[in-house]
Amino acid sequence: VFQAKGATKLIVDMGNTAATVIAENASVVAADPANFKEVAFRQKRFASAIEVSRDASDNSAIGLDGHVTKILADRIVRGIENHMFNAGDAAGTAGLQNILLHNSLAANLKVEDIFVKTAASATVVTFQELFDTYVNFAKQPEHLAGAVWVVEDITKLATVKDSANNSVLTFNDVPAGAVGRVLGVPVFKTGAFTAGQKVATVLINPSHAYGVSIAENAKVQSIKGDTLSELKQMSTFLG
């Protein structure tokens, strides 16, 4: 997540080329432009509003303005997450980009593949399927630091056991917000996956796989004092 003014572009390296040893006084051949790709970030307006009575605002013991602001911020985050896994489209034109749908596009349209594991059944996933997912992901070990499993139904993982009959879902050293760990990687819950591409789980490094550009002037504002608000004795908080 980063702040930007309007549409912005990010340059990414598609080559992942290792550096080589260069002999003394030898020239280094620059070939980077062929490996670069431009990713465009276009901004959409996400909005939510809460109407609060004047009496509630004046007499709240908890600092209602700050409380409502936190609620609106949470709604924006939930909206982004919903588009990321469910409501967004493949190209990110109608809303934010759906990472699962985008991953099915041609390779030249993507920065990098993510490995999406579709369960053999709509309700069941096996240990071998989870392990295969991890093995594929670990082919690029730089993504393991910060990786998470994303699930919409925690029970799909709760019943899975390894070859020693141990549950793969553990609860030791679970980071804030996670519901457990699988193969040492934290598990986080999301609201839903795309209905047409039902998946058991996604193993992903969010900071490497997804970017959100937030407008520099994004804010929560309180609308009050206008005729309609005065007649209703209300204020409206707009995020």
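Q: What percentage of the 239 residues in the protein is buried?
A: The model is predicted: local features need pLDDT of at least 70, side-chain atom pairs count only at pLDDT 80 or more, and totals for chains, interfaces and linings use all residues. Residues are numbered from 1 along each chain as its sequence is written, and side-chain values use heavy atoms, with hydrogens and water left out. Buried means under 20% relative accessible area, exposed over 50%, and partly exposed in between (1.4 Å probe, protein chains only). Of the 239 residues, the buried share is 31%.

Q: Is Phe-41 buried or exposed?
A: Phe-41 belongs to strand β3, residues 36-41; strands (E, at least two residues) are DSSP runs numbered from the N terminus, as are helices (H or I, at least four). Its relative accessible area is 13%, so Phe-41 is buried.

Q: Leaving aside neighbours within four places in sequence, which residues is Phe-41 in contact with?
A: Contact means heavy atoms within 4.5 Å. Thr-8 lies 33 residues from Phe-41 along the chain, with 5.3 Å between their C-alpha atoms. Beyond neighbours within four places, the contacts of Phe-41 are Phe-2, Ala-7, Thr-8, Leu-10, Gly-211, Val-212 and Ser-213.

Q: What is the radius of gyration of the protein?
A: The protein has seven helices and 13 strands. The radius is taken over C-alpha atoms, and the globule rule is 2.2 Å times the number of residues to the power 0.38. For 239 residues that rule gives 18 Å, and the protein is more spread out than a compact globule because its radius of gyration is well over that, at 23 Å.
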